[in-house]
Amino acid sequence: MSELSRYLFLAGALPYLVLGIAHALATPHGSTERKGLSPADPSMAEAMVRARVLLTGRTDLWRAWVGFNFSHSLGAVLFGAVVVLAGRGSASFAVNAPVFLPLAVTVSAAYLALAVLYWFRTPIVGCCLGFALFASAWALRLAVGP
């Protein structure tokens, strides 16, 4: 049963790896590039290039947008990668599970809350799946013990 918990834990990483990579691929590099995360109205991208953020005049809203999207992608992929590393083998999972199972449930719950509040169907489904897999892995581990 401990192996089933580990497999559920590893499966929970997949939505974050896939969504993180997909997010990076959907992020436009330039304001004229049309990708999934580009504004639907091209004039909005032009306005973002002209708009400076209040925090600093050194960057425009477009560059901040692109940086946010790539850093968000990196965070999701890194989360998935850490889970894979923590659960890569039975021995590593036995050592790491007490810390990483509750951590994965907490982080995936936070991603799910953000998805429900701010995003759209695909990330909601992915985050819900990841959360359910992590929660199931943790519940099974608690039920059967190490």
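Strand E1 (residues 52-53) and strand E2 (residues 56-60) run antiparallel and are joined by two bridges; strands count as paired if DSSP finds at least two bridges between them. A hairpin of two residues links E1 to E2, and Arg52 stands opposite Asp60 in E2. Strands (E, at least two residues) and helices (H or I, at least four) are DSSP runs, numbered from the N terminus.

The model is predicted: local features need pLDDT of at least 70, side-chain atom pairs count only at pLDDT 80 or more, and totals for chains, interfaces and linings use all residues. Residues are numbered from 1 along each chain as its sequence is written, and side-chain values use heavy atoms, without hydrogens and water.

Helix H4 (residues 90-118) has 29 residues, yet its end C-alpha atoms are only 37 Å apart, short of the 42 Å that a straight helix would reach at 1.5 Å a residue. H4 bends by about 70° at Ala97, with Pro98 following within four residues; the bend is the angle between axes fitted to the seven residues ending there and the seven starting there. Buried residues (under 20% relative accessible area, 1.4 Å probe, protein chains only) in H4 include Ala97, Leu101, Ala104 and Ser108.

Which residues are closest to the centre of the largest pocket? Its volume is about 400 Å³, and of its 19 lining residues the closest to the centre are His23, His72, Trp119, Phe120 and Pro123. A pocket is an open set of points on a 1 Å grid where a 1.4 Å probe fits, with protein on both sides within 12 Å along at least five of seven lines, and lining residues have an atom within 4 Å of a point. H3 gives the most to this lining, with six residues.

Note on methods
Grid points are joined across faces, edges and corners, and a volume is the space filled by probe spheres set on the points. The expected span of a helix is 1.5 Å times one less than its number of residues. Buried means under 20% relative accessible area, exposed over 50%, partly exposed in between (1.4 Å probe, protein chains only).
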